[in-house]
Amino acid sequence: MAIKAVQQDYRRAFQKHFHAYLNWNGTESDVSKRLILIYCVECGLKYAVMKKTHIQNVHDAQPDLEKELNSHDLHKLLKRLNIAGAYSFPHITTLHGDVVTLISYHQLCRYAILPVKENEVHIQKYDSQLIDIVNWLRERV
C-alpha cells in the first residue's frame, strides 16, 4: 500500500527532482539521472492532474482517477491533461527480451537494464520527450 501524498507533496517532489536532475554532476550515472527524471515527470503530472481536478488527496479522487494516481502509468496521466498526443514513446526491447513501454520505463532505469543495441536510440527519445513534458509542467507548477 502506498503512503499518503497530497497535492503539494507531488509539487515539491517535482521541483526537487528537477533541481537534482539539472544539477547532476557529469561523472554520475546516466541511468540514475534518468530515474530522477522519470520520477520528476511522474510527480509533476500527478500534481497537475490533482490541481486540474481540484483534489488535495489521492483518496478524495473518484476510483478510476485514484487508481491512475496510484500507478506509474504516465500515458494515462498525460491523457487526463489532454496532451498525450503530443508525445511519442517507442517500445524498447531489453537484452532479456522484455518490451518496455512508458508505463514500465522507470523499471528499466531503476534496475539499470540494458536495451538491445538497436534500441539504444530510443533512450534518447525518452530523454527528449520527458524533458519536453517537464518544460510543459514548469509553466504550470
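Modeller: One definition comes before the numbers. An axis is a line fitted to C-alpha atoms, for helices over the stretch in contact, and angles run from 0 to 180 degrees between N-to-C directions. Keep in mind that the model is predicted.

Start with H2 and H6. Helix H2 covers residues 30-52 and packs on H6 at an angle of about 35°, with the axes 10 Å apart. H2 passes H6 in a left-handed crossing. From H2, the contact uses Arg34, Leu37, Ile38, Cys40, Val41, Gly44, Leu45 and Ala48. From H6 come Ile123, Gln124, Asp127, Leu130, Ile131, Ile133, Val134 and Leu137. By class, this contact has twelve nonpolar, two polar and two charged residues.

Now bring in H1. Helices H1 and H2 pack at about 150°, and their axes are 8 Å apart. Angles over 145 degrees count as roughly antiparallel. H1 and H2 are therefore roughly antiparallel to each other. The crossing of H1 past H2 is left-handed. H1 supplies Gln7, Gln8, Tyr10, Arg11, Ala13, Phe14, His17, Phe18, Ala20 and Tyr21. H2 answers with Lys33, Ile36, Leu37, Tyr39, Cys40, Cys43, Gly44, Lys46, Tyr47, Met50 and Lys51. The classes here are 13 nonpolar, four polar and four charged. Leu37, Cys40 and Gly44 of H2 take part in the contact with H6 and also in the contact with H1.

H1 (residues 7-22) and H6 (residues 120-138) have their axes 12 Å apart, at an angle of about 130°. H1 and H6 are therefore oblique to each other. Again, H1 passes H6 in a left-handed crossing. Phe14, Phe18 and Tyr21 of H1 meet Ile131, Val134, Leu137 and Arg138 of H6. Six of these residues are nonpolar, none is polar and one is charged. Phe14, Phe18 and Tyr21 also belong to the contact of H1 with H2. On the H6 side, Ile131, Val134 and Leu137 also take part in the contact with H2.

Phe14 and Phe18 are four residues apart in helix H1, about one turn of the helix. Rings pair if their centres lie within 6.5 Å, and planes under 30 degrees apart count as stacked. On that rule there are four aromatic pairs. Phe14 and Phe18 have ring centres 6.4 Å apart and planes at 5°, so this pair is stacked.

Last, follow Lys46 of H2. Lys46 is part of the contact with H1, and Lys46 and Glu42 are in contact with Ser71. Ser71 lies in the loop between helix H3 (63-69) and helix H4 (74-80). The side chain of Ser71 also reaches the backbone oxygen of Glu68, at 2.9 Å.

Note on methods: Residues are numbered from 1 along each chain as its sequence is written. This is a predicted model: local features need pLDDT of at least 70, side-chain atom pairs count only at pLDDT 80 or more; totals for chains, interfaces and linings use all residues. Side-chain values use heavy atoms; hydrogens and water are left out. Helices (H or I, at least four residues) and strands (E, at least two) are DSSP runs, numbered from the N terminus. A polar contact is a pair of N or O atoms within 3.5 Å; within protein, one must be able to donate a hydrogen and the other to accept it, and residues adjacent in sequence count only if both atoms are side-chain atoms. Contact means heavy atoms within 4.5 Å. Angles under 35 degrees count as roughly parallel, over 145 as roughly antiparallel, 65 to 115 as roughly perpendicular and the rest as oblique. A crossing is left-handed if the near helix is turned anticlockwise from the far one by less than a right angle, and right-handed if clockwise. Ala, Val, Leu, Ile, Met, Phe, Trp, Tyr, Cys and Pro count as nonpolar, Asp, Glu, Lys and Arg as charged, and the others, Gly among them, as polar. Rings of Phe, Tyr and Trp (its six-membered ring) pair if their centres lie within 6.5 Å; planes under 30 degrees apart count as stacked, over 60 as edge-to-face and the rest as tilted. Lists of a residue's contacts leave out its neighbours within four places in sequence.
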